[in-house]
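Please walk through this fold step by step.

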Amino acid sequence: MKVLLIKDVKNLGKAGEVKEVKDGYGQNFLIAKGFAKAATNEVLKKYESDKKKEMENLRFELANLEKLKEELGKITLEISKPVGANGNLFGGVTKDEITHALKEQTHIEIDKKTLECDTLKSLGLHEISIKLGHAIHAKLNINIKAQ
């Protein structure tokens, strides 16, 4: 019997492969446990269309991330913080403050976990990196001013 593997099966193959297996193994183990489906024409056509749709969605997502990367590269965030008598910041600028400032100034929402920086503790211009996903990294300029 021919089966289409839905999940990777050790010593048999990877997901998406069509394999010839014994009837009992295919029916009683692979199909019953959800590792495979019987390789009928309908199942194979549906699998191929799902793969094409998935690839199309991935291309769309990558295009959106590249567009976001370009937008973030053009932005310079302005953040004002209180400064002590010696000219140093009180505390610093945290990832949370950066994401809130980005949302307020540009209406772009990102997760603070994607920022690759520590707390910024000095005045002036800083460049930080943002992990957008799918190995795409954007640069964001932040200008910290005295309040």
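Start with Leu72. Setting aside residues up to four places away in sequence, Leu72 touches Leu102, Ile108, Ile130, Leu132, Ala138, Lys139 and Leu140. The model is a predicted one.

Leu72 also belongs to the largest nonpolar core, which has 24 residues. Leu72, Ile98, Leu140 and Ile142 have the most contacts inside this core. Two or more residues each come from α2, β4 (76–81), α3 (95–106), β6 (124–133) and β7. Strand β7 gives the largest share, five residues. A second core is separate and has six residues, including Leu5, Val9, Leu30 and Ala36.

Now turn to the start of the chain. Strand β1 covers residues 2–5 and strand β2 covers residues 18–20. Three bridges pair β1 and β2 in the antiparallel sense. Within this pairing, Val3 has Lys19 in β2 as its bridge partner. Strand β3, residues 36–38, also runs antiparallel to β1, again over three bridges. Here Leu4 has Lys37 in β3 as its bridge partner. In general, strands of a sheet pair through backbone hydrogen bonds, in a parallel or an antiparallel way.

Put together, the three strands form an open sheet in the order β2-β1-β3, with antiparallel pairing. Strands β2 and β3 are the edges, each pairing on one side only. From one strand to the next, the twist averages 35 degrees. Leu4 stands opposite Val18 in β2.

Two helices pack on this sheet. Helix α1 (residues 23–31) touches β1 and β3, and its direction makes about 135 degrees with that of β3. Helix α2 (residues 41–74) touches β1, β2 and β3. The direction of α2 makes about 20 degrees with that of β1.

Next come the charges. Side chains of opposite charge can pair when their charged atoms come close. How many salt bridges does the structure hold? There are six salt bridges.

One of them joins Lys19 to Glu17, with the closest N and O atoms 3.5 Å apart. Is Lys19 buried, partly exposed or exposed? Lys19 has a relative accessibility of 27%, so it counts as partly exposed. Glu17 has a relative accessible area of 29%, so Glu17 is partly exposed too.

Another salt bridge sits within a helix. Lys46 pairs with Asp50, and the closest N and O atoms are 3.1 Å apart. Both residues lie in helix α2, four residues apart, which is about one turn of the helix. Asp50 is partly exposed because its relative accessible area is 34%.

A further salt bridge spans the chain. Lys145 pairs with Glu78, the closest N and O atoms being 3.1 Å apart. This pair links distant parts of the chain: Lys145 is in strand β7 and Glu78 is in strand β4, 67 residues apart. Lys145 is partly exposed because its relative accessibility is 40%. Glu78 is at 35%, so Glu78 also counts as partly exposed.

Glu78 has a further partner. Its side chain makes a polar contact of 3.4 Å with the side chain of Asn143. Asn143 lies in strand β7, residues 136–146. Beyond its neighbours within four places in sequence, Asn143 is in contact with Thr76, Leu77, Glu78, Ile79, Gly124 and Leu125.

Note on methods. Residues are numbered from 1 along each chain as its sequence is written. This is a predicted model: local features need pLDDT of at least 70, side-chain atom pairs count only at pLDDT 80 or more; totals for chains, interfaces and linings use all residues. Side-chain values use heavy atoms; hydrogens and water are left out. Two strands pair if DSSP finds at least two bridges between them. Axes are lines fitted to C-alpha atoms, for helices over the stretch in contact, and angles run from 0 to 180 degrees between N-to-C directions. Contact means heavy atoms within 4.5 Å. A polar contact is a pair of N or O atoms within 3.5 Å; within protein, one must be able to donate a hydrogen and the other to accept it, and residues adjacent in sequence count only if both atoms are side-chain atoms. A nonpolar core is a set of buried Ala, Val, Leu, Ile, Met, Phe, Trp, Tyr and Cys residues joined through side-chain atoms within 4.5 Å. Buried means under 20% relative accessible area, exposed over 50%, partly exposed in between (1.4 Å probe, protein chains only). A salt bridge is a side-chain nitrogen of Lys or Arg within 4 Å of a carboxyl oxygen of Asp or Glu.
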